[in-house]
Amino acid sequence: MMAHNPHLPLVLDLLGVFAASCSGALTGLRKALDLVGILVLACVTGLGGGMIRDVLIGAIPPAGLADWRYVATALAATVVVLVIDHFALGARLHEKVSQRVGERVRLAMAARVSDAATLGLFTVAGTTKALDHGIAVMPSALLGVVTAVGGGVIRDILINEVPYVLRRELYAVPAFAGALVVALGHSIGHLTAAVAVIAAALTFTFRMLAVSRDWHAPRPGA
Amino acid sequence: MMAHNPHLPLVLDLLGVFAASCSGALTGLRKALDLVGILVLACVTGLGGGMIRDVLIGAIPPAGLADWRYVATALAATVVVLVIDHFALGARLHEKVSQRVGERVRLAMAARVSDAATLGLFTVAGTTKALDHGIAVMPSALLGVVTAVGGGVIRDILINEVPYVLRRELYAVPAFAGALVVALGHSIGHLTAAVAVIAAALTFTFRMLAVSRDWHAPRPGA
Amino acid sequence: MMAHNPHLPLVLDLLGVFAASCSGALTGLRKALDLVGILVLACVTGLGGGMIRDVLIGAIPPAGLADWRYVATALAATVVVLVIDHFALGARLHEKVSQRVGERVRLAMAARVSDAATLGLFTVAGTTKALDHGIAVMPSALLGVVTAVGGGVIRDILINEVPYVLRRELYAVPAFAGALVVALGHSIGHLTAAVAVIAAALTFTFRMLAVSRDWHAPRPGA
């Protein structure tokens, strides 16, 4: 599968690591962690979901450990976030204290966007890697969702916040929708690069709309 | 082993998934999660302990992913909880606000009972599956305890509560007692269905008595 | 490797389990858990990091389950902590309530020292075991860090505190420094017992200095 571009799963996986590590580093900035704390949170968020997936499908040692490009990608994402934050900070040097609140909001927004990108990229990369390892279609879709949400759940547990996946706006549902597109493409023998990109874009867009328009599942009895 | 009924381990495992998913869904209701959050918490609670066990004994991919009946059981448990809650809610429609407190207490009680049933079922299913995979007797008993408490620990971490296993009333001890009965039965070559059912019932009853009579270990220096 | 003493990796691993279990039991005392809660926290802290490592390198079932000396070591550490605490408590029997605060501080200090010892021992044991399993040098160093911090992270998540690894004083950095010493020794073909002991001592001393002198990484924008 992925006949048109054999490198696509790896590219998607590394892009997912980049996006997830950005969301981890941004969360570390918002929580006022120091540089080491930010780096640790970025690595854990970037590599956690894929490692859980690799353990569950028996791809041992996990790519996040065995392939140096994964850690390098997480490091690069952290550096990018810190450099951008540094210059943005310079521009804000004369802001009043009351404007610092805006800073937190901006960091939280940037974390949400990179988290949505993570969701799209890892859903497709996770589902595809599971299918490549001979896992059946529906379990592969579930593994895609686990890959997509895993790193973020660890991130939120470490900083003592309730994970996105249990919060109000739809989160697991967009991931599952994208995973189903990949699974469907696989089933009809057409899991091309185009289908992979469409599935990732669908998940990202669906999630961003859920955040901006407050789409959420009903609450029983509410 | 389990010569009288080769399907018993699977049946106990699926019953454990059902009970654990009920406790997850009930906890989600108590925490006022939406439908997706409730479903996620039910699946994680129902499948988490068994997946940890399967990873530790090398049963890859874990049954919770590879066998569709596991996810289906978790889904079914969630639907059952939601339907019962819906009808109970109808009956409570004209209750005063002050009576809503009773609602939370009822949900917490139901979650405790289903959690105790989980403890009994997963202790036996986990110990048996470990023994079947050639793990030695004492490690198998420990794996039974890990299976039994694993899903609930993840559930409580996700909703930011201290896990039962660290709280006041005896929790790990009833599980370990049941696991020892299974281990003993295995050692003397008589791990029959009857022994399995007795061990599960012992764990369940022991745990329920611990809750209702406030049995707890002493606290050092207290 | 470790040609001078083939048992050294196991000895370091068991000493690490002892130190980590002590830190878990001491944390349980500080949190006023009962005896079962203290034992559970000691076992999880003592065995957690090594189990994560063993799962990631494919050493299944993990030594913490397969080798009875691991659980026995965790039990022994718990008993030692409880006995010492019991006698210290006797000596404090006539202390005033205001002096109880000092008790908590002492427990927290003792937990930090045993945690630093854990860091040194598990960094070396984890890196060495990964190298022995044919993992490349840098991933092995990372696995050493994961082994060293893993149990403590689980301990802190269970009691709802932010893990050391995200807090102020350097924690992951001393572990990584020790792991690099082991990796360097391995690369030049001289991973002797002396190098292992030096790496563990370096990590321990580095961490204790970071705690006592408040060494920490800078905070961006601070």
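1. The largest cavity holds about 130 Å³ of space. Of the 18 residues that line this cavity, Asn160(A), Ile157(B), Asn160(B), Ile157(C) and Asn160(C) are the closest to its centre. A cavity here is a set of points on a 1 Å grid, laid over the protein atoms alone, where a 1.4 Å probe fits but cannot get out; lining residues have an atom within 4 Å of a point. Grid points are joined across faces, edges and corners, and the volume is the space filled by probe spheres set on the points.

2. On the basis of the values: this is a predicted model, in which local features need pLDDT of at least 70 and side-chain atom pairs count only at pLDDT 80 or more, while totals for chains, interfaces and linings use all residues. Residues are numbered from 1 along each chain as its sequence is written, chains are lettered from A and ligands numbered from 1 in the order in which they are written, and side-chain values use heavy atoms, with hydrogens and water left out.

3. Which helices supply the lining of the largest cavity? Helix H6 (137–158) of chain A, H6 of chain B and helix H6 (137–158) of chain C each give at least two residues to it. Helices are DSSP runs (H or I, at least four residues), numbered from the N terminus. The lining is made up of nine nonpolar, three polar and six charged residues. In this classification Ala, Val, Leu, Ile, Met, Phe, Trp, Tyr, Cys and Pro are nonpolar, Asp, Glu, Lys and Arg are charged, and the others, Gly among them, are polar. Over the whole structure, the search returns 10 cavities of 30 Å³ or more.

4. Chain B has 24 residues in contact with 26 residues of chain A, contact being heavy atoms within 4.5 Å. About 1,900 Å² is buried between these two chains, 77% of it on carbon and sulfur atoms. Buried area is the accessible area (1.4 Å probe) that two parts lose on being put together, summed over both. On the chain B side, Asp34(B), Leu65(B) and Leu158(B) lose the most area to chain A, together 31% of what that side buries.

5. Helix H2 (35–57), helix H4 (68–91) and helix H6 (137–158) of chain B each supply at least two residues of the side that touches chain A. H2(B) gives the most, with eight residues. By class, this side of chain B has 20 nonpolar, two polar and two charged residues.

6. How many salt bridges cross between chain B and chain A? The rule finds zero, where a salt bridge is a side-chain nitrogen of Lys or Arg within 4 Å of a carboxyl oxygen of Asp or Glu. Over all chains the count comes to 36 salt bridges.

7. In chain A, Arg112(A) forms a salt bridge with Glu169(A), with the closest N and O atoms 3.8 Å apart. Arg112(A) lies in helix H5 (residues 100–132) of chain A and Glu169(A) in the loop between H6 and helix H7 (172–187), so the pair ties together parts that are 57 residues apart in sequence.

8. For chain A and chain C, the contact takes 24 residues from chain A and 26 residues from chain C. The two chains bury about 1,900 Å² between them, 77% of it on carbon and sulfur atoms.

Key:
On a 1 Å grid over the protein atoms alone, a cavity is a set of points where a 1.4 Å probe fits but cannot get out, and a pocket is an open set with protein on both sides within 12 Å along at least five of seven lines; lining residues have an atom within 4 Å of a point.
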